[in-house]
Amino acid sequence: MFIKGEDGEPSNFDMTMQVVRTVYTSKIISSDRDLVALVFYGTEQSKNPRNSFKHVYVYHDLNEPGAKRVQEVDALRGEKGAKLAAETIGSGETSLGDALWCCANLYSDIKLRLSHKRLMIFTCRDEPHGGDSVKDRQARTKASDLKETGVVIDLMHLMKPGGFNISLFFCDIVSPPEDESEMGLQLQPSDKLEDLQKRVRAKELKKRTLARLNLCLGEGINVAVGIYATAVAARKPGSIKLYRETNEPVRSKTRTFHTQTGSLLLPSEIKKAQYYGGKEIVMERDEVDAIKKFDDPGLFLIGFKPMEKLKLLHHIRPAVFLYPEEDEVKGSSCLFSALLKKCSERNVFALCRFISRRNYPPRFVALLPQNEELDEGKVQITPPGFNVIYLPYADDLRTLDPPQFPSASQTQVDKMKEIVSKLRFKYRSEGFENPVIQQHFRNLEALALDMMAPEEIEDLIMPKVDQIDQRLGPLVQEFKDLVYPAYYNPESKPAAKRKTADTGGGAEKKPKVELTEDELKAHVQNGTLAKLTVPVLKDACKQFGVRTTGTKKQELIDALIARLGS
């Protein structure tokens, strides 16, 4: 385990510790209530409950992972970690049966009810006991006992000289694959850290159902199905209020008191009311729940529609996945498979009424068939089932009035198609991480582990300008020449526009008004000079050479009357 690979590759032990650290940090972020333990076997030192097993070292008990455990795993990495491991645990005889028995005791000592139990074995020895038939039989017996109690045993075998042959021993130890898609993961050993992390990640994530419901195909015909979320948006965890003195999480309790007497009200004493027709209608809680309840949770088949009726605009929220649950109702898989096959052959989707939970309003959904897809190694990459598409109600759709713009010429369209084809690539959602969330957890990790600075992250959503320019070449300039006028510089700043009164700026400057002598005499005779503005009166005085002693409006009017009235 401690022998380094070729070209400075990390040792198997170092890769294992890196994977353990990754599991710890991922559990802290995504599943902080999961319990994780770390047990070494084949060690010189022994450390386990009551020291019942020799050469088994329980480095971490079964508990929630935290910052201290991550620091302790980090201490076992690298050359210093290998030296520390040799001093702390050492190397001794191997007994996988004792290690499995010790892990069984760790499970039994937990008083909590565990939803699922998984045990991962990291090793580079395909015959851990060197052909000792007694120890092999003990390990097989204990592994069988663990599997009967619901423990899933997985093998994370690592590369060793000469290859790793799982048929020699471990084929009887590990649990059978949960589905056919995992068959390919059991054959080849891992020689790179990325491969090992991928395998561990695929095993540690439990496929949990959002709900288990019945799909009613008709009177008395029910198929048990499970609802799965194939993709969930990552969000920052919510803030937790802590008590100032003890730094413990604060639990909030809500109590209702009478406004007049101040006495504590019990839930049975609280009523709900609705004003209707000028009267107050008082209802019990059970009556309100009965009003909200439309029907029991489940899917009710309404009919079938051609696939052309389903439009892209009908997709208003993320879809969920439908898969049969044979354990709930026997025969569900067979009937579900027949329905999926016929819908796919006839190119139709099933229209259903869907109530996901109790007291939830009903929704209309389209069950879109999805056939199974296998890769070249006959490994499943797309499972068979139905994608549940939530259909919109009438008020979910809006009619928009798009703005009108000049249409592009066919030459411009062809040039843009050429640019798009050059920039096209295969999109993978897992290839782009949210940089804000990644930086958030890096900061928390640095704070918890007393690091000097958080680990730098790569913003994968930023465009790779150099690669884009290399792919496009002269196409960008050709497109600019077709669309933009000559001497156009998109980087130059546009000229600043004068703000008008409507936009909150100063008043718009009006054009200069010049009056003839006849128009001024008409204003004098009609007595309407006062309707003219002061700037117009000043221009008139300058035009006809009228000298004034002041600049007030009345003084300008008197001077013009004296000049034009004579």
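Trainee: What should I know before I start?

Mentor: This is a predicted model, in which local features need pLDDT of at least 70, side-chain atom pairs count only at pLDDT 80 or more, and totals for chains, interfaces and linings use all residues. Residues are numbered from 1 along each chain as its sequence is written, and side-chain values use heavy atoms, with hydrogens and water left out.

Trainee: How many helices and strands does the protein chain have?

Mentor: The protein chain has 15 helices and 15 strands. Both are DSSP runs numbered from the N terminus: helices are H or I with at least four residues, strands are E with at least two.

Trainee: Why is Asn 48 called buried?

Mentor: Buried means under 20% relative accessible area, exposed means over 50%, and partly exposed is in between (1.4 Å probe, protein chains only). Asn 48 has a relative accessible area of 9%, so Asn 48 is buried. Asn 48 sits in the loop between strand 1 (36-41) and strand 2 (56-63). Across the protein chain, buried residues make up 29% of the 566 residues.

Trainee: What lies 2.9 Å from a polar atom of the side chain of Asn 48?

Mentor: That is the backbone nitrogen of Ser 52. The backbone oxygen of Val 56 also has a polar atom of the Asn 48 side chain 3.0 Å away. A polar contact is a pair of N or O atoms within 3.5 Å; within protein, one must be able to donate a hydrogen and the other to accept it, and residues adjacent in sequence count only if both atoms are side-chain atoms.

Trainee: Which residues is Asn 48 in contact with, leaving aside its neighbours within four places in sequence?

Mentor: They are Phe 53, Val 56, Val 58 and Cys 102. Contact means heavy atoms within 4.5 Å.

Trainee: Why does Thr 94 count as buried?

Mentor: Thr 94 has 13% relative accessibility, so Thr 94 counts as buried. This residue lies in the loop between helix 3 (78-88) and helix 4 (96-109). The side chain of Thr 94 also makes a polar contact, at 3.4 Å, with the side chain of Arg 125.

Trainee: How do you know that the buried residues of helix 14 line one face?

Mentor: In helix 14 (residues 534-543), the buried residues are Val 536, Leu 537, Ala 540 and Cys 541. Seen down the axis of helix 14, they fall within an arc of 140°, so they line one face of the helix. The arc is that of the directions from the helix axis to the C-beta atoms. The face turned away from the buried side carries the exposed residues Pro 535 and Lys 542.

Trainee: Why does Phe 425 count as exposed?

Mentor: Phe 425 is at 51% relative accessibility, so Phe 425 counts as exposed. The loop between helix 9 (410-423) and helix 10 (435-448) holds Phe 425.

Trainee: What makes Lys 27 and Asp 34 a salt bridge?

Mentor: A salt bridge is a side-chain nitrogen of Lys or Arg within 4 Å of a carboxyl oxygen of Asp or Glu. The closest N and O atoms of Lys 27 and Asp 34 are 3.0 Å apart. Both Lys 27 and Asp 34 are buried. By this rule the count comes to 14 salt bridges.

Trainee: Where do Glu 345 and Lys 342 lie?

Mentor: Both lie in helix 8, 3 residues apart, about one turn of the helix. Lys 342 is at 42% relative accessibility, so Lys 342 counts as partly exposed.
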